[in-house]
Amino acid sequence: MSIVLDRVCKSFGEHRVLDELSLEVREGETMAVIGGSGSGKSVLLKTIVGLIPPDSGAVTVDGRDVRSLDRRGLYELRRNIGYVFQFAALFDSMTVGENVAMGLRRVPGMTEAAIRDRVLESLARVELEGYENRMPAELSGGQRKRVGLARAIATRPRYILYDEPTTGLDPVTTALIDRLILKMASDLGVTSVVITHDMTSACRIADRIAMLHGGRIRQVGPPDAIMHSEDPVVRGFVEGRPELMQGAA
Amino acid sequence: MSQQWILPFAQLGRTGVNAAGALGKFGSFAAATARAATDTATWPANVIRQMARLGVDSVPIALFIAAFTGIVLSLQASYTFTGAVPLYFVGVLVQKTMILELGPVLTGLALSGRVGANIAAEIGTMRVTEQIDALETLAYDPISYLVVPRVVAGVVMFPVVVAFANTMGIVAAWITAINLLDLSTAEFIRGLRLFFQPFDVTYSLIKAASFGLAVTLVGCHNGFTTSGGAMGVGRATTRAVVAGSMLILVLNAFWAVALL
């Protein structure tokens with residue numbers, strides 16, 4: 001079981017964001033997707049979960065073509081996918097506990113007691129014990145992201161998609177989030193896709209890194225291979241040298 | 001240069017196409033809302049909260065508007081009838097005008113501002129902060145979860161608010177009549193009852209329910225289609241109020257043609 005994108009295209013108006021993009025995320029691995037701002041990383045993530053339908057190509061999760069699923073099938077699929085949003089996307093009018101419980105209320109047969117236990121357990125996993133009655137407005141940026149992660153893991157998904165989980169955080173909080181991502185992978189055995197700009201973070205958490213450029217995957221490989229890539233586009237991004245990227249095709 | 005004359009027609013054509021497109025999208029949204037109403041596992045839990053927010057919380061502003069409308073109606077009726085029509089006809093005019101027209105329309109317009117803006121701003125903010133996407137990823141249909149409860153609350157609560165407003169307008173007109181005009185309570189009530197038809201109340205409440213449907217649906221649609229951050233939320237809110245108010249006036253004319 002894995003996530004496979006096969007020649008996926010997506011345009012917004014005249015702007016082609018994904019251009020025959022192909023990528024396979026293997027069972028149990030953590031794949032970091034790096035790339036410049038506006039390169040389509042978030043679009044890629046949203047095509048996996050069916051939030052943005054591709055114009056052409058196939059997105060397959062657990063062997064099921066996401067495009068062919070009806071609404072019910074899509075919701076069944078999403079129960080197996082946790083999504084951590086860039087700015088957490090917590091529901092402002094609900095407490096932290098209610099936010100984490102939202103997905104659980106869609107799981108058939110879960111009692112209120114079981115939901116409460118799972119909420120507390122999920123908050124404990126992200127080191128936020130005792131925060132269940134707080135409102136999102138009372139939390140720091142890092143805490144909001146951890147609540148977003150707790151909400152994503154509450155339903156025990158097999159996949160977790162992280163959309164820039166460390167953007168805007170200080171180095172210490174970034175390290176904490178990275179540690180949690182690794183912990184989720186080892187404790188829950190989930191397959192993860194992490195969108196990030198942060199090379200330190202990508203190298204710390206990823207089994208493989210994919211570089212997205214020009215709507216396609218430019219290179220995929222272990223962190224070491226990406227960090228020492230011969231490709232000028234990849235090197236330019238990794239080393240923060242735009243002149244290398246501009247010179248390449 | 002020779003084809004300059006065609007530009008206004010081209011602009012007119014573009015405007016027509018855009019308007020037809022917007023109308024089509026709104027119709028499609030309304031149809032999706034009707035379909036989502038069958039998802040009874042999702043929306044009923046939120047209806048009571050929305051009824052309180054959209055309806056109960058709107059009662060004070062509706063009563064305020066109705067009270068001053070009733071005062072003015074009473075005084076203007078007396079001014080108009082002086083010497084020509086018996087003064088107890090003040091009650092007739094107040095009852096007919098308040099129940100048939102001013103109660104539902106003024107309340108509807110006020111609630112278009114209060115409720116329509118509130119819905120568009122809230123859902124618009126949820127859209128730009130990805131909370132609606134988050135609902136999708138948590139296996140909720142956002143239309144079932146966000147739109148249907150608001151529309152149901154609007155359809156149920158607008159008539160309740162209008163009923164309160166109608167009553168308040170008539171009571172304010174009565175207090176004005178017995179204190180500022182040379183009219184007794186018995187005369188005022190005689191006027192109220194003279195041409196009263198129970199259908200008047202039905203007509204008023206049907207109009208109110210349709211206004212509730214229009215205001216909430218327009219507010220939700222504008223919120224859902226918000227893009228572009230805080231500025232986009234501001235634009236969506238303005239659009240919701242303007243379109244909701246216009247729709248109220250159109251529906252008001254429609255019901256007059258259809259039912260009177």
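B:Val233 counts as buried because it has 24 C-beta neighbours inside 10 Å; the cut-offs are 20 or more other C-beta atoms within 10 Å of its own for buried, 12 or fewer for exposed, and partly exposed in between, with C-beta atoms placed from the backbone. Before going further, a note on what you're looking at: this is a predicted model, where local features need pLDDT of at least 70, side-chain atom pairs count only at pLDDT 80 or more, and totals for chains, interfaces and linings use all residues. Residues are numbered from 1 along each chain as its sequence is written, while chains are lettered from A and ligands numbered from 1 in the order in which they are written.

Back to B:Val233, which sits in helix α9 (residues 229-259) of chain B. Helices here are DSSP runs of H or I with at least four residues, strands are runs of E with at least two, and both are numbered from the N terminus. Leaving aside neighbours within four places in sequence, B:Val233 is in contact with B:Ala121, B:Gly124, B:Thr125, B:Val128 and B:Thr226, contact being C-beta atoms, placed from the backbone, within 7 Å. Take B:Ala121: 112 residues separate it from B:Val233 in sequence, yet C-alpha to C-alpha they are 5.8 Å apart.

Now over to chain A, with its 10 helices and 10 strands. Four of the strands make an open sheet in the order β2-β1-β4-β5, with antiparallel pairing; strands pair if DSSP finds at least two bridges between them. β2 (15-25) and β5 (64-65) of chain A each have a single partner strand, so they stand at the edges with one side lacking a neighbour in the sheet. Further in, β1 (residues 3-12) and β4 (residues 56-61) of chain A are joined by 5 bridges in the antiparallel sense, and A:Leu5 has A:Val59 in β4(A) as its bridge partner.

Zooming out, the C-alpha trace of chain A spans about 60 × 40 × 30 Å along its principal axes. Buried residues make up 43% of the 249 residues in chain A. Of its contacts with a separation of 6 or more, 63% link residues 24 or more positions apart.

Where pLDDT is low, the predicted coordinates should not be read in detail.

Definitions and conventions
Contact = placed C-beta atoms within 7 Å.
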